[in-house]
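User: Hi, I have a structure open and would like to go through it piece by piece. Can we start with how the helices sit against each other?

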Amino acid sequence: MDLLRLATAGSVDDGKSTLIGRLLMDSKSIFEDQLEAVRATSAARGYDYTDLALLTDGLRSEREQGITIDVAYRYFATPVRKFIIADTPGHVQYTRNMVTGASTADLGLVLVDARQGLTEQSRRHAVLLSLLRVPHLVLAVNKMDLVDFDEGVFRRIYDEFTAFATKLNIPDLQVIPISALQGDNVVTRSERMPWYDGASLMHHLEHLHVASDRDLIDTRLPVQYVIRPHSDDHHDYRGYAGQVAGGVLKPGDEVLVLPSGLTTRVAGIDLFDREVAEAFPPMSVTVRLEDDLDVSRGDMICRPRNAPTPAQNIDATVFWMTGAPLRVGRKLAIKHTTRTARTVIREIQYRLDVNTLHRDLEATELGLNEIGRVQLRTTVPLLCDTYEQNRTTGSFILVDEATGGTVGAGTILGAS
Amino acid sequence: MLRTHGDYRLSQLDELEAESIHIFREVAAEFERPVLLFSGGKDSITMLRLAEKAFYPAKIPFPVLQIDTGLDFPEVLQTRDRWVERLGLRLLVASVEEAIRTGVVVDDGRTSRNRLQTGTLLNAIEEHGFTAAFGGGRRDEEKARAKERVYSHRDEFGQWDPKNQRPELWSLYNGRLHAGEHMRIFPLSNWTELDVWHYIDREGIDIPSIYFAHPRRVFRRDGMLLSESPLNGLRDGERVEERTVRFRTVGDLTLTGCVESTAATVPEIIAEVAVARVTERGATRGDDRFSEAAMEDRKREGYF
């Protein structure tokens, strides 16, 4: 059985929590004591229904305000697949938490309310999902029961969204009309929408092929930790531990170690106490090399004719996630794969309006939750791929050295 | 040599294992003084197995810290000692009783030992100067935990601020700290109870015998079956009887209930957990029953 990670998105009252509640309920992933607690709270608040949002809004302040502030991770499994849902907040001021949930997702699920049509938030979230290169997107047109299951309503939203999506980079888009509250097209196909001939949401989630989204061509192993036991049994053991970020690595392969530029061969690949015939993403392995090279954390093992670009001047899309704006000249810590360095912002090329996709070339700063194209210079070369090619070697975070907080995240467009 | 899958897919259990090993290595590489918090339960033992794999053939490069409530099941302590011996671990024990005696925490007779663990733990972290503490918490356990990051920042008072968590993108963890602060690290964040059991089965992991069905002298309190013990004085109307039971979680024996069960092997437990209609905490943890936000409140104070 494999794993699918999905992130939900959409506006505040579009029924995200109800949909998640329905998926959990129908896959029998809600336990009686949890449901009982939610029923009791709903009753105590005088609701005449069970508010399934209480299942996912786990913090006091969320329950008080009735909104989702931070990502909640939920788990369910069907006989076909296991799912991790990052239930992300809809409010604009919590965009950074939405980005947190979407960064690791295989699939983004954007909800719209059929009565409202596309809102600023649904466009915004589709843009964020495409910038984060979440490979699959589902637009779920919810509350179809409130528009009499009308095909025309669905068609208008469908057309509007697909027109918008042509400006984005969305490799796979599915649009599904549903009623999360009544269960139409959620787990089983609805008889009330005979004009829809696609799969139910659950069927789509279960059968989507995600392993092919991984890069199996460009071999990348960021060295995370050097294992040297110095014990009697393993006196000469020297292993380079890390999680494979791309490609397939086999014993005997000729490899290049960056930044030293030395080449050698793979002597063996260990997974705990066993040797393996090959390693591929996202395996965490330990690689032994034939020659005694000086390799340490932050280095990268790749192939001689297929290596990332060492670069100190980098073009990137930056998501800014803190109140004090990002301006030219700002110095920050940067973490890219297993390497940490310092960086300075050299130029803000433009700010992207995520609603209109307009590029504001006059912008001189990025405020909270704003996104722009930025040029950075780093103290040491980062071993870069474009984010389009590899989500692991093409991404970084920015840390404020004074507060220690994560203030930005970036996806690499290229060396400049 | 082990052949992997020809289609380059990992099973979900292998994917979870790879993610957890990555986290262990990242912390060992970036933090000066990590420690692994060890309760003796199935989750912390699973963490030990993952840590063993992460650094093999070298030893686990950090110590293990147990908070001894003085009310632990003897079977759990025996299992702990077997693991310490097998992996050559450095075991540290911080005692709640000692903390009460030295005034680090105050036993007012109404606060449970479980709750007194928080002050004992924070004191031990401060005393040893630990900068990162691995915990076995899983997001599927409880709704406040479902909100927590893999790297969970704690201020100089050990407090968690759920409204001000660091964004955590991809697998790029930010371990920056100021003096006196520390990080709680949750390598099992994305595992479910069932995943842990499947892993225990696959790896043949040694866990305390109280997880398996056995005859035990028990009595009923607040809807839970508690173990008879000199530490657990009976109240009016409570009556001890022998039942065949097992435990779903391990904790303070005065508060941790058991369930009636005949599951005596790991596959039988998996079959039982797969169809369980009540969560492990809801069924058997008295400490989570105080209020709707009991876990969040305890975590804000510095609990696991």
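Analyst: One definition is needed to begin: the axes are lines fitted to C-alpha atoms, and the angles run from 0 to 180 degrees between N-to-C directions. Also keep in mind that this is a predicted model.

User: OK. At what angle do helix 2 and helix 3 of chain B cross?

Analyst: Helix 2 (residues 42-55) of chain B and helix 3 (residues 74-87) of chain B cross at roughly 5°, and their axes come within 12 Å. Helix 2 of chain B is therefore roughly parallel to helix 3 of chain B, since angles under 35 degrees count as roughly parallel.

User: Which residues make the contact?

Analyst: From helix 2 of chain B, they are B:Ile45, B:Leu48, B:Arg49 and B:Glu52. Helix 3 of chain B contributes B:Thr79, B:Trp83, B:Arg86 and B:Leu87. By class, this contact of helix 2 with helix 3 of chain B has 4 nonpolar, 1 polar and 3 charged residues.

User: And how do helix 1 and helix 2 of chain B cross?

Analyst: Their axes cross at roughly 70° and come within 9 Å. That makes helix 1 of chain B roughly perpendicular to helix 2 of chain B.

User: What meets what there?

Analyst: On the side of helix 1 of chain B there are B:Glu17, B:Ser20, B:Ile21, B:Phe24, B:Arg25 and B:Ala28. They meet B:Met47, B:Leu50, B:Ala51, B:Lys53, B:Ala54 and B:Phe55 in helix 2 of chain B. The contact of helix 1 with helix 2 of chain B divides into 8 nonpolar, 1 polar and 3 charged residues.

User: Now the sheet in chain B. What's the strand order?

Analyst: The order is 3-2-1-4-6-5, in an open sheet of 6 strands with mixed pairing. Strand 3 (91-95) and strand 5 (151-154) of chain B are at the edges with a single partner strand each, so one side of each has no neighbour in the sheet. On average, neighbouring strands of this sheet are turned by 30° against each other, direction ignored.

User: How do strand 1 and strand 4 of chain B pair, parallel or antiparallel?

Analyst: Strand 1 (residues 34-37) and strand 4 (residues 132-134) of chain B pair in the parallel sense, over 3 bridges. B:Pro34 stands opposite B:Ala132 in strand 4 of chain B. Helix 1 of chain B packs on this sheet and touches strand 1, strand 4, strand 5 and strand 6 (182-185) of chain B. The direction of helix 1 of chain B makes about 155° with that of strand 4 of chain B.

User: Switching to chain A: what is the strand order in its open sheet of 6 strands?

Analyst: It is 2-3-1-4-5-6, with mixed pairing. The edge strands are strand 2 (72-77) and strand 6 (172-177) of chain A. The twist averages 25° from one strand to the next.

User: How many bridges join strand 4 to strand 5 of chain A?

Analyst: There are 7 bridges between strand 4 (residues 107-113) and strand 5 (residues 136-142) of chain A, and the two run parallel. A:Asp113 stands opposite A:Asn142 in strand 5 of chain A.

User: Last topic: how many disulfides are there?

Analyst: A search of the whole structure finds 0 disulfides over all chains.

User: Why is A:Cys302 too far for a bond?

Analyst: The closest cysteine sulfur, in A:Cys384, is 13 Å from the sulfur of A:Cys302, and a disulfide needs the sulfur atoms within 2.5 Å.

User: Are those two buried or exposed?

Analyst: A:Cys302 counts as buried because its relative accessibility is 0%. A:Cys384 is buried as well, at 6%.

Notes: Residues are numbered from 1 along each chain as its sequence is written. Chains are lettered from A and ligands numbered from 1 in the order in which they are written. This is a predicted model: local features need pLDDT of at least 70, side-chain atom pairs count only at pLDDT 80 or more; totals for chains, interfaces and linings use all residues. Side-chain values use heavy atoms; hydrogens and water are left out. Helices (H or I, at least four residues) and strands (E, at least two) are DSSP runs, numbered from the N terminus. Angles under 35 degrees count as roughly parallel, over 145 as roughly antiparallel, 65 to 115 as roughly perpendicular and the rest as oblique. Contact means heavy atoms within 4.5 Å. Ala, Val, Leu, Ile, Met, Phe, Trp, Tyr, Cys and Pro count as nonpolar, Asp, Glu, Lys and Arg as charged, and the others, Gly among them, as polar. Buried means under 20% relative accessible area, exposed over 50%, partly exposed in between (1.4 Å probe, protein chains only). Two strands pair if DSSP finds at least two bridges between them.
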